[in-house]
Amino acid sequence: MRAARITSTNGPRSVQIDEIAEPVAGPGEILIDVEAAGVNFPDLLMSRNLYQYKPELPFVMGGELAGTVREAQPGSGFAPGDRVVAATTVGAFAPTVAAPADRVLHLPASVAFTAGACLPLNYLTMAHGLIRRGGLSEGETVLVHGAAGGIGTATLQLAQAWGARVISVVSTPEKADFVKALGSDEVVLAEGFKDAVLELTSGAGADLVVDPVGGDRFTDSLRCLAPLGRLLVLGFTAGDIPTVKVNRLLLNNIDVRGVGWGAYLLKHPEIFQEDWDRLVPLLEAGRIDPPVHRTYALNEVGAAVASLEERGVLGKAVVLPRT
Ligand SMILES: NC(=O)c1ccc[n+]([C@@H]2O[C@H](COP(=O)([O-])OP(=O)(O)OC[C@H]3O[C@@H](n4cnc5c(N)ncnc54)[C@H](OP(=O)(O)O)[C@@H]3O)[C@@H](O)[C@H]2O)c1
């Protein structure tokens with residue numbers, strides 16, 4: 001089969017389309033024919049050897065997918081023909097994948113494969129982030145950075161579905177129009193966002209800040225928090241890892257909390273299905289519906305991953321490995 005492989009970590013444009021052997025399902029694995037695979041910032045980081053997980057070269061890229069079960073052992077909970085999604089970390093930019101059964105989930109019939117492929121990483125991360133780490137309550141105000149991106153749109157949709165008011169932070173008017181159309185309660189541009197947020201909240205600030213961007217916005221994000229507010233650290237797409245002077249936390253009664261979904265999942269595998277069970281009713285009711293910016297053929301994987309670096313994606317980029 002043809003697959004998108006990284007053979008040297010020189011960035012997304014060095015992805016190669018190689019002919020490799022089809023995988024064989026080992027014990028505890030499900031063989032899945034992949035219909036669609038989501039593109040995520042960690043793919044970009046792995047293509048430059050900048051991610052915390054460093055697979056041995058060469059490796060097939062792609063951390064999440066939607067598709068159809070081809071082979072499953074009896075008692076695995078899956079059967080040939082089942083529509084599924086899976087979180088694989090690597091391997092999804094290929095027509096067929098062998099995935100551990102405990103990283104596979106049933107996809108409701110009403111959800112298209114392209115949308116399903118966007119769910120495992122971002123929506124499960126933000127279910128964990130908003131509920132377990134953020135302690136989100138109905139009626140709270142959530143400020144989300146990078147709101148037009150993958151984590152950003154998942155945050156927007158989930159926080160609203162759970163009764164929050166969402167203020168989105170984006171870098172361009174085009175992205176502002178996009179998140180407004182998705183239903184964001186308010187939208188502010190990254191430039192000068194602190195004053196805009198304080199004005200929108202009559203000086204009160206936000207209860208929760210979701211930050212997948214990092215960099216120099218961090219201190220102003222802390223200044224946007226209401227008393228007992230929480231800032232969730234998700235990632236650092238801006239490049240720099242910010243530091244915090246802890247006197248700010250003391251003076252304002254606020255928290256900075258890390259969200260590391262993958263690390264928590266390793267020690268608490270039960271959250272994979274538990275959080276999916278929170279998402280399924282929202283998917284079936286159409287309350288969450290990942291926005292797909294565009295789809296890419298397998299030989300366009302390099303361009304798909306590069307589009308994240310170029311900051312050009314509205315929602316998610318999705319690869320169709322069978323095209
Ligand atoms: N902690 C976890 O468990 C976990 C799980 C999944 C992902 N993540 C992390 O979350 C972050 C976001 O991932 P994602 O897949 O949502 O990425 P994405 O779709 O590319 O969105 C990232 C957003 O970051 C903003 N950004 C600001 N500066 C940027 C820059 N220099 N280059 C690129 N984007 C920039 C962009 O919005 P504007 O242009 O509007 O500023 C963009 O929409 C990544 O760091 C990823 O590793 C963490």
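**Ligand shell and domain contact**

A nitrogen atom of the ligand lies 2.6 Å from a polar backbone atom of valine 259, a polar contact (a pair of N or O atoms within 3.5 Å). The model is predicted, so local features need pLDDT of at least 70 and side-chain atom pairs pLDDT 80 or more, whereas totals for chains, interfaces and linings use all residues. Residues are numbered from 1 along each chain as its sequence is written, and side-chain values use heavy atoms, without hydrogens and water.

A ligand nitrogen atom is also 3.0 Å from a polar backbone atom of leucine 234. The side chain of arginine 311 places an N or O atom 2.8 Å from a ligand oxygen atom. The protein covers 89% of the 910 Å² of accessible area that the ligand has on its own (Shrake-Rupley method, 1.4 Å probe).

The shell around the ligand holds 24 residues, with a heavy atom within 4 Å as the criterion. Gly150, Ile151, Ser171, Lys175 and Val259 come nearest. By class, 12 are nonpolar, 9 polar and 3 charged; Gly counts as polar. Domain 1 (2-119 + 290-320) and domain 2 (126-262) each give at least three residues to this shell.

The centres of the two domains, taken over C-alpha atoms, are 28 Å apart. Their contact takes 9 residues from domain 1 and 13 residues from domain 2 (heavy atoms within 4.5 Å). About 810 Å² is buried between the domains, and carbon and sulfur atoms give 66% of this area. Buried area is the accessible area (1.4 Å probe) lost on putting two parts together, summed over both. Pro291, Arg311 and Leu314 supply 59% of the area that domain 1 buries against domain 2.

Conventions
A polar contact is a pair of N or O atoms within 3.5 Å; within protein, one must be able to donate a hydrogen and the other to accept it, and residues adjacent in sequence count only if both atoms are side-chain atoms. Domain bounds come from an automatic or database domain assignment.
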